[in-house]
Amino acid sequence: LLHLKQEALFISGGIVLFLIALKMIFPPARRDEEPNEEPFIVPLATPMIAGPSVLATLLVLVSTQPEQIWNWFAALLIAWSITAAVLLCAPAIARVLKEKGSMAVERLMGMLLVMVAVQMLLNGIEHYMKH
């Protein structure tokens, strides 16, 4: 409907993920906020569950392998179920990790997100160069 090419989905999804990951790894220093602010977990969870990067990934997967659409749908439901379980257990996880542990997990997830973003970007550039 939008005439989007697979390469555009890879590259744009990679850029969005990369920008989010950079904010996770290097949070902006604001002097007017309390030092005990919440970790940057919601912006990680939202794009990975229902944001543009997931839509881009699903569009790419369905466009490259349309015969597997029900497998992608099942994988999406399983991922949502696991995410729901983790989010329901979040208060208990936060009590165990405490503040420093939460910040360490945030930075680790940011690094992981950077790697995923760079790989998506490289895949998009590779596909573009081939075509």
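A contact, as the term is used here, means heavy atoms within 4.5 Å. In the predicted model described below, Ala117 is in contact with Gly14, Leu17 and Phe18, when residues up to four places away in sequence are not counted. Because the model is predicted, local features are reported where pLDDT is at least 70 and side-chain atom pairs at pLDDT 80 or more, whereas totals for chains, interfaces and linings use all residues. Residues are numbered from 1 along each chain as its sequence is written, and side-chain values use heavy atoms, with hydrogens and water left out.

The secondary structure of the protein chain consists of 5 helices and 0 strands, where helices (H or I, at least four residues) and strands (E, at least two) are DSSP runs numbered from the N terminus. Along the sequence, the pattern is accordingly written α-α-α-α-α. Confidence is expressed as pLDDT, the predictor's confidence in each residue on a scale from 0 to 100; the mean for the protein chain is 79, and 80% of its residues reach 70 or more. Among the elements, helix α2 (residues 42–50) has the lowest mean pLDDT, 54, while α5 has the highest, 88. Where pLDDT is low, the predicted coordinates should not be read in detail.

Of the 131 residues of the protein chain, 21% count as buried, a class that means under 20% relative accessible area, with exposed set at over 50% and partly exposed in between (1.4 Å probe, protein chains only). The protein chain exposes about 9,700 Å², of which carbon and sulfur atoms supply 72%; these accessible areas come from the Shrake-Rupley method with a 1.4 Å probe, and for residues only the protein chains shown count as cover. Among contacts between residues at least 6 apart in sequence, 81% join residues at least 24 apart.

The interior was examined next. In soluble globular proteins, nonpolar side chains tend to be buried together. A nonpolar core is defined as a set of buried Ala, Val, Leu, Ile, Met, Phe, Trp, Tyr and Cys residues joined through side-chain atoms within 4.5 Å. The largest such core in this model has 9 residues, namely Leu17, Ile20, Ala21, Met24, Ile25, Leu113, Val114, Ala117 and Met120. Helices α1 (6–25) and α5 each supply at least two residues of this core, and the largest share, 5 residues, comes from α1. Leu112, located in helix α5, is partly exposed, with a relative accessible area of 44%, and its C-alpha atom is separated by 8.3 Å from that of Ala21, 91 residues apart along the chain. Phe26, in the loop between α1 and α2, is exposed at 62% relative accessible area, and the C-alpha atoms of Phe26 and Arg107, 81 residues apart along the chain, are separated by 8.3 Å.

On the surface, Ile78, Ile82, Val86, Ile93, Leu97 and Val105 form a nonpolar patch with about 480 Å² of accessible area together. The elements giving two or more residues to this patch are α4 (69–88) and α5 (90–130). Patches are made of residues with over 30% relative accessible area and no salt bridge, like charges being joined within 9 Å and nonpolar side chains (Val, Leu, Ile, Met, Phe, Trp, Tyr) within 5 Å. Ile82 lies in helix α4 and counts as exposed because its relative accessibility is 53%.

A salt bridge is a side-chain nitrogen of Lys or Arg within 4 Å of a carboxyl oxygen of Asp or Glu, and by this rule the count comes to 1. Glu126 forms a salt bridge with Lys130, with the closest N and O atoms 3.4 Å apart. Glu126 and Lys130 are 4 residues apart in helix α5, so they are separated by about one helical turn. Glu126 is partly exposed, with a relative accessible area of 40%, whereas Lys130 is exposed at 64%. Lys98, also found in helix α5, has a phi near 60°, a positive value in a residue other than glycine, and counts as exposed at 58% relative accessibility.
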